[in-house]
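Colleague: Could you show me how to read cavities and salt bridges in a model like this one? I am happy to go step by step.

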Amino acid sequence: MAADKTGTLSRKQLILTSLCRHLNVNYELVLRSVYPGSIEETDIKDLCLTVANMSDTSANGSAWSDNEEVAKWIAFAGGFPANSEACLGALEKLNENLATKSVLLGNGLKVSAADVVVFSAIYSSVVGLSTMDALKFPHLLRWMDHIQNKANFGDMFEKIPVEKPSFVPHVTKTIVKVEEDNPKKNVQSTKTAPKSEPETTVKKSETAKPKADAEPNEEKKKVPEAEAAAKDELSVSLLNIRVGLIRKAWKHPSADSLLVEEIDIGEAKARQVVSGLAKYCSPDSLTNRLVVLVTNVKPGKLRDVLSEGLVLCASNEDHSVVEPLLPPEGAQIGEQISFSGIDGKPEDVLNPKKKQLEKITPNLYTDEKGVATFKGIPFMTSAGPCTSSIPKASIK
């Protein structure tokens, strides 16, 4: 059975998340360039290209677009059939292709980005194979086992059990005699032990350790599930959320889905922010508009343009309507958003590796009146709560 995470993510989300891990790319930055609601509407090649362009490795955007083999495997992953019969046919072709290979691209055993993309696309189909069907794809399963053990997937996928042929070498039988009366005597092999090897001394007292010695260590390793879950709960106080004013907005020079905004938050210099809002808002509609900005996300480039913050937006269920949260009239530029009863100092800069933002945003939503909240507690300014025209919306 697949890990729970695979059941809650679509194929494109799985591919996107896995590829970000493999190429060491900040997943949040990718989401800001491709708003979550439009992931399913975006071509898989464009998603992969977005991740590649943000990568520091040699697998940059031009290498992806120019490499026919890479394009072939991305197309294979994007078009992998959901129908069971067609799925088996596609797996059979992949199995044949892997008959003389350890990885899809490259030499030796090094896992490539193409391997990660294809693995993520077909995982749910392979993990659901019956024992009889699995026997038909020995090369495929060998490859799946290699990728799942070498690629950095974290806890995204539960390991697929793969039976491997074992090699048992012939071993000359030895007879070991332990003289218990004298613990200082050596235990010697009556056969096969070379004279040059040092003799091994085994004391009677060391042949078994009291069971009680191991029990405290076992207790230390056990962590109650409730305690583990509590550690995953992060407070919104970690975010530095401020009221900002968009002074200017324009289209991203090389990405149709992105807009670039110059946002004033009361600092000496306005911040430049890249948002995936081109599909939902025009630059003119954003100019001179108040917004809610997370200011302590790690700065990074989106398609070669620096982004220094995250504009929080509300989205309806099918992500067909997306709009930035709106501070009330009279809110002061640069003032910090507060949450009643929640105190704490924001992080200087959020650590992408800790996925702090990803753990907080599921608890951000608008209520039935459109008031923006964290677990039902309103986003408050000196002039009142921040709102959206979309009730019961998710906020990211």
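Modeller: Gladly, and keep in mind that this is a predicted model. Domain 1 (11-55 + 63-150) and domain 2 (236-395) both contribute residues to the lining of the largest cavity, so this cavity lies between them.

Colleague: How does one find such a space, and what is the volume of the largest cavity?

Modeller: Rolling a probe the size of a water molecule over the atoms shows where empty space is left. Here the structure holds 2 cavities of 30 Å³ or more, and the largest has a volume of about 120 Å³.

Colleague: Which helix gives the most to the lining of the largest cavity?

Modeller: That is α14, with 3 residues. Both α3 (27-33) and α14 (356-360) supply at least two lining residues each. Among the lining residues are E28, R32, K298 and E358. By class, the lining has 4 nonpolar, 3 polar and 5 charged residues.

Colleague: Now the salt bridges: how many does a search of the whole structure find?

Modeller: The search finds 5. In one of them, the side chains of R247 and D264 meet at 2.7 Å, N to O. R247 sits in strand β1 (residues 241-251) and D264 in strand β2 (residues 259-264), so the pair ties together parts that are 17 residues apart in sequence.

Colleague: Is D264 buried or exposed?

Modeller: D264 counts as buried, at 15% relative accessibility, while R247 is partly exposed at 41%.

Colleague: And what about E69 and K72?

Modeller: They form a salt bridge with the closest N and O atoms 3.4 Å apart. E69 and K72 are 3 residues apart in helix α6 (residues 68-78), so about one helical turn separates them.

Conventions: Residues are numbered from 1 along each chain as its sequence is written. This is a predicted model: local features need pLDDT of at least 70, side-chain atom pairs count only at pLDDT 80 or more; totals for chains, interfaces and linings use all residues. Side-chain values use heavy atoms; hydrogens and water are left out. On a 1 Å grid over the protein atoms alone, a cavity is a set of points where a 1.4 Å probe fits but cannot get out, and a pocket is an open set with protein on both sides within 12 Å along at least five of seven lines; lining residues have an atom within 4 Å of a point. Grid points are joined across faces, edges and corners, and a volume is the space filled by probe spheres set on the points. Helices (H or I, at least four residues) and strands (E, at least two) are DSSP runs, numbered from the N terminus. Ala, Val, Leu, Ile, Met, Phe, Trp, Tyr, Cys and Pro count as nonpolar, Asp, Glu, Lys and Arg as charged, and the others, Gly among them, as polar. Domain bounds come from an automatic or database domain assignment. A salt bridge is a side-chain nitrogen of Lys or Arg within 4 Å of a carboxyl oxygen of Asp or Glu. Buried means under 20% relative accessible area, exposed over 50%, partly exposed in between (1.4 Å probe, protein chains only).
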